[in-house]
Amino acid sequence: MSHSFDIVSRIAERSGQLRLAEQKVAQAILSDLPFAASASIQTLASQAGVSEASVTRFAKAIGCRDVRELKMNLAQAAAIGQRFLRTEDAAGEQALPQIVDMVYADIHKVLEVNRSLLNQEVLLQAAQTLLQARMIYAFGMGGGSTMLSDEARYRLVRLGRPVATYHDALLQKMVAATLDKSDVVLALSTTGNVAELNASCKVAKEYGVRVVAITALGSPLAALADVLLPLKSLETDFIFKPSSSRYAMMMALDVLMTELALLQKDRSQELLRRLKFTLDTHRGGSSREPLGD
C-alpha cells in the first residue's frame, strides 16, 4: 500500500545528502511540481539532464518504493495549489499595494459578497430556532470556526440563552449523543468539509436535534442543516494574510444574534441594561463603552 507524506519538505531536507544527479532531479521537481507530477520518467529525466536510473534512485532516496509512488506523492503535493509553491519575483512584490489596503479591500469584498447571501426569512427562522431551544450547543473546529463558536457563546449569554461550546471531536460526538429534541446545534464551519464536525451533527440529527449551520453553500454540512446561513469564502493568491472568510462568518453571526435579540426585545433590553449597570459599577467609564468586549 502506498503511503503519503509531505514530499516537498522531504526533498528540501534531503537534497543536500543526495548524489549530484539526484540533486538535479530534486531541482527539476521543486522548480515545477505540477509538471513533475504528470511527466513520464523519461520526460522528467530529460528535464533534469540525468538518466532514468537516476530518477529511480532519487525516488528511493527520499523514501518512495518506486517512481510510481513518487509521482503519486508529487500529485498530492501539487493539488494544494501553485500559490503555496511558487516564489513571487521581486518586481511582483514591489507592485503589491500597502498591506493595510490589501487586507481592508479583501475584507470589504468578502462582506459585500456574503451580504447578498443573507436572506431575511432564513435569518428569522434561524433566530426563532435558537429562541425556542432548551439548550444551544455551538460546535466549531479549526481556526476561525473555533474562535467564532466561542463568540456565539458570548453573544448568546448576553441574551440569556442557555449555551455551551465544544471543539474537541470526540467530546462533540459524545455530547451529540446526549441531546434532546428540544436542543439545537449551532454548527460553524467555513468549508463545511470537516468530517469530525459533520459526524457529530449527524449523531445529533439521529436523535431529532435541529442543526443551524453557518457554512459553505453546497457543502456536506450545509446538506445536514435544518436552517442554513450560507457562506462564500474568497481566497486570493496572496497566502500570507489571514483568511477574510472569518469576517463573513462573524457578520452572519452578528446578524443572527441581532435578530434573536429583537425577537425577545423586552427581555434583551433588560438583560443588556443589567450588564451595563454591572460593568459600569465595576470599571466606571462612559455610557458608550461596549458591553464587556
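Predicted model: local features only at pLDDT ≥ 70, side-chain atom pairs only at ≥ 80, totals over all residues.
Residues are numbered from 1 along each chain as its sequence is written, and side-chain values use heavy atoms, with hydrogens and water left out.

Next, secondary structure. I got 15 helices and five strands for the protein chain; these are DSSP runs numbered from the N terminus (helices H or I, at least four residues; strands E, at least two).

Then I looked up contacts (heavy atoms within 4.5 Å). Of those in the protein chain with a separation of 6 or more, 70% join residues 24 or more positions apart.

On to aromatics. The whole structure gives one aromatic pair. The partners are Tyr137 and Tyr166, stacked at 6.3 Å centre to centre with 25° between the planes. Cut-offs: Phe, Tyr and Trp rings (six-membered ring for Trp) pair with centres within 6.5 Å; planes under 30 degrees apart are stacked, over 60 edge-to-face, the rest tilted. Tyr137 sits in strand E1 (residues 136-140) and Tyr166 in strand E2 (residues 163-166), so the pair ties together parts 29 residues apart in sequence. I checked cover too: Tyr137 is buried at 12% relative accessible area, while Tyr166 is partly exposed at 23%.

Last stop, Thr146 in helix H10 (residues 144-158). Thr146 is buried at 19%. Beyond its neighbours within four places in sequence, Thr146 contacts Gly140, Met141 and His167.

Definitions and conventions. Buried < 20%, exposed > 50% of the residue type's maximum accessible area, 1.4 Å probe, protein only.
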